[in-house]
Amino acid sequence: MQDHSLSIAKPTEGLLSQKIGTSLIAAALLCAIIAAFGQGETQSVLFFWLIIVFIFAGGIIFSIPYFKAIPGIKNNGIMHSPATNRGGIAWGIGILMTGFYIILYWFPNYLEGLIRTMDPLSIILRNKTSDQWFLYGTLYTLAVLVMGIRFIGKYRSNRYQVLRTLSVMFFQLGFAFLIPAFLLKLNQPEFYFSYFWPLKYSYLFPNDIDYLIQSGNIGVFMVFWGLIMTFIATPILTYNYGKRWYCSWVCGCGALAETLGDPYRQNSDKSLKAWKVERWMVHSVLVFVALTTALLWLNSWKNGTILGDASGLFSQCYGFLIGSVFSGVIGTGFYPIMGSRVWCRFGCPMAAILGLFQRFKSKFRITTNGAQCISCGNCSTYCEMGIDVRAYAQKGENIVRASCVGCGICSAVCPRGVLNLENLAEDGRFESYRRQEDK
Amino acid sequence: MNIIIIGNGITGITCARNIRKKNSDATITVISEESKHFYSRTALMYIYMGHMKYENTKPYEDWFWSKNRINLIQATVKHLNTDNKSIQLDDSRILNYDKLVLATGSIPNNFGFPGEDLNGVQALYNLQDLAKMEKNTINISSAVIIGGGLIGIEMAEMLHSRNISVTMLIRENAYWANVLPQEEAQLIGNHLHKHGITLKFNTELKEIQSIDQLSVHSVVTKQNETIDCQFLGITTGVKPNINFLKNSSIEIEKGILVNEFLETNIPDIFAAGDCAQFRFAKTGEAPIEQLWYTGKMQGETLANTICGNKTTYDRGIWFNSAKFFDLEFQTYGKVLPEITHEQESFYWAHENGKISFRANYNRSDRSIIGFNFIGIRFRQVIAEQWIREQKEIEYVIDNLKQGWFDPEFSDAHDKKIAKSFSSNPIN
């Protein structure tokens, strides 16, 4: 009754399109290097198209097998592949990305040719020529979109995953790329409506606020928006939905981690020791940014008499250590080795503050379904935040953890349907399941 | 108190952990032949498929054991001396105990098929089997699996993930039909077929063939069909691992005989998990339970008894779960493959062929007996509560939403189910 020719879905049928996809991405990289060496200045339009088309085509062709396969999450071979299991390829990609960040931040002149390839787009969107940050923003957005398509293919059996990925793609493209560019075109301050203090720390620094207020009504609205989001919307949304409303639905850092970083999510450290380090680090950063902000305001209130010339030093220091080194070089560059949420987990002050809300005052939890856990470990393995989800699930306890960004992958990969992200009454969210017979 | 636990599976380890929770002074030693540390046997398939590494399958970090003063010994127990309360290990060490827990688990059934010692023929139970399977499946193209149960399908998925074509020989007329009702069995069978697995029903193995007398080359079924394969998975169930007790004074039958406190016939010796056999099983319950969940519960119950709080093992309301490729399966209460005369069964299936719901209930008072869910996640607390409180089927159908546990934004099927229920003339 079942003849062999009917056999559908060979799991590695995607091999050819993966070869073509990665070749095109490599071609894009090659074009970028040639452009950086100077060709980008003379033939910017050509190289712009080459790079963009190669990346897009490569990414989509690479993703085709995910869409052709029978829906259902398949993590086959992830621990065997040198690309995803901290092998040679992973180290190569890690060095490449780390190196790119170092050059971008401190030696942008090496990228001059590449920056020029973005001029055509930059002029259309912003009415000015490109700079290193526009180049970065374009590549960043491209990565989120292309790898977002891959993500949707892989996880398309799960609607939560699809919707949240469309959401981060939307916010990255619209709020973190197009709107700030259009604002510049309209001679308004370049403002990111999807970033708030303390992640975008300078939005509550006196200098930025002064500047925004002086730039007219839109600027005043931006200050107002920043204050509302930080002090009113954030607590309310986090109370109702947990920190996921931001970290895995809106935030640009989260967007990159969830899309470009998805192949590496299993590399986060799940040890108790890592959790201890994480708590110290992320909360120190929060204290650091809060202190910096307070000092700057005090200084501005006292007309610069406290910090004097050193007034900017504090914020520069924070900007260098946290804004550049941590969130960029380590946070993204180390994806292939340390997992996709290094920055979010160890360094992001926004994650820290949302986490405190989530842990102590929120309706959000990951519910464990009775005694159904078989301790297999898929949930912990694929938790990008390094939470040992299984430790809770096998005890029948709900997972209420400050660091959980609510990506929902633990629930999606659970082979027994044990975990579910829920916003229920605050009461009882720490209660664990006990059998009637044991009560 | 000096406690020795033989076996570091879910039963032995749960027992050890719970003893430590209640008693900080006891000396606890866990002996395992298989591995130094406890790992999740249920995750063996994921190691092979590359979803996880062995390290990921350990539910506790390695420091956990010394911190909780649980001594781990990797060795084989050769002999048990009940008279002077000691055991002898394969390295001739002799260990004394005050209380002994036998949690030795299972070994695969073998039926003595001719040729079952050939290379490429194996079962899948432990880490050593997994290593063997790794070796046996290098560069092969086709495999046969006998046995249409849970391990069989796991093995099929494992092999499939490496592009090895799989034929399953199943004795029954549908997949897992000795456990599942026909509709579910067929739904799962169709799903397997979609994934390219060939299922041969009403088919049994007759002979394993080899050309070089070393490795399997093909199998012959009882219908005299020859199927080429370089790998033969034997997944025809397991039996208690009790060979080392054969000449001891411990009473054994199929498993180690225990009473409701998990006590054997010898004082201070207990047995729990896959290796234990209840002398007087309750009606409708199997004398030997070979499940992760029951092993865990038995280990916990036994820890109570050993720590002085004598506790009866109570299986509670039956539940189980599985995953067949992409299909998740949950069951609560007792759903038999065929209902009895006193029962009614309501079945609903989604048109996509991947989701189904079944509720069995008593014809007389319409009280709910049990559920099968495929492709639907359902809350255990709700299902248990309804079964315990003998809710009427109408109440259950009307309130299905309460138990829904699917991820947010998933389609809820409760309304469709309710509509189908009310339009069903039998009900």
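Biologist: Which residues of α12(A) are buried?

Modeller: This is a predicted model, so first the ground rules: local features need pLDDT of at least 70, side-chain atom pairs count only at pLDDT 80 or more, and totals for chains, interfaces and linings use all residues. Residues are numbered from 1 along each chain as its sequence is written, chains are lettered from A and ligands numbered from 1 in the order in which they are written, and side-chain values use heavy atoms, with hydrogens and water left out. Buried means under 20% relative accessible area, exposed over 50%, partly exposed in between (1.4 Å probe, protein chains only). In α12(A), the buried residues are A:A274, A:E278, A:V282, A:V285, A:L286, A:V289, A:T292, A:T293, A:L296 and A:N299.

Biologist: What span should α12 of chain A have, at 1.5 Å a residue?

Modeller: The expected span of a helix is 1.5 Å times one less than its number of residues. Helices (H or I, at least four residues) and strands (E, at least two) are DSSP runs, numbered from the N terminus. Helix α12 of chain A has 30 residues, 272–301, so it should span 44 Å. Its end C-alpha atoms are 44 Å apart, which agrees. After α12(A) comes A:N303, with a positive phi near 55°.

Biologist: Where does α1(A) bend?

Modeller: The bend at a residue is the angle between axes fitted to the seven residues ending there and the seven starting there. For α1(A), the bend is about 80° at A:A36. Its 28 residues, 15–42, should span 40 Å, and the end C-alpha atoms are 37 Å apart, which agrees. Buried residues of α1(A) include A:G21, A:L24, A:A28 and A:C31. Among the elements covering the buried residues of α1(A) are α2 (44–68) and α4 (112–117) of chain A.

Biologist: How many cavities does a search of the whole structure find?

Modeller: On a 1 Å grid over the protein atoms alone, a cavity is a set of points where a 1.4 Å probe fits but cannot get out; lining residues have an atom within 4 Å of a point. Grid points are joined across faces, edges and corners, and a volume is the space filled by probe spheres set on the points. The search finds five cavities of 30 Å³ or more. Of its 16 lining residues, the closest to the centre are A:I366, A:C383, A:C404, A:C407 and A:C410.

Biologist: Which residues lie nearest the centre of the second largest cavity?

Modeller: They are A:C373, A:I374, A:C376, A:C379 and A:C414, out of 14 lining residues. This cavity holds about 80 Å³ of space. Both α17 (378–381) and α18 (389–393) of chain A supply at least two residues each to its lining.

Biologist: Is B:I374 buried or exposed?

Modeller: B:I374 is buried, with a relative accessible area of 0%. It lies in strand β25 (residues 368–374) of chain B. Contact means heavy atoms within 4.5 Å. Leaving aside neighbours within four places in sequence, the contacts of B:I374 include B:L187, B:L327 and B:F329. The C-alpha atoms of B:I374 and B:L187 are separated by 9.2 Å, though the two are 187 residues apart along the chain.

Biologist: Which residues does a cis peptide bond join?

Modeller: A:W197 and A:P198, with omega about 10°. A:P198 is in the loop between α7 (159–185) and α8 (206–214) of chain A.

Definitions and conventions. 1 Å grid on protein atoms, 1.4 Å probe; cavity = no way out; pocket = protein on both sides within 12 Å on 5 of 7 lines; lining within 4 Å.
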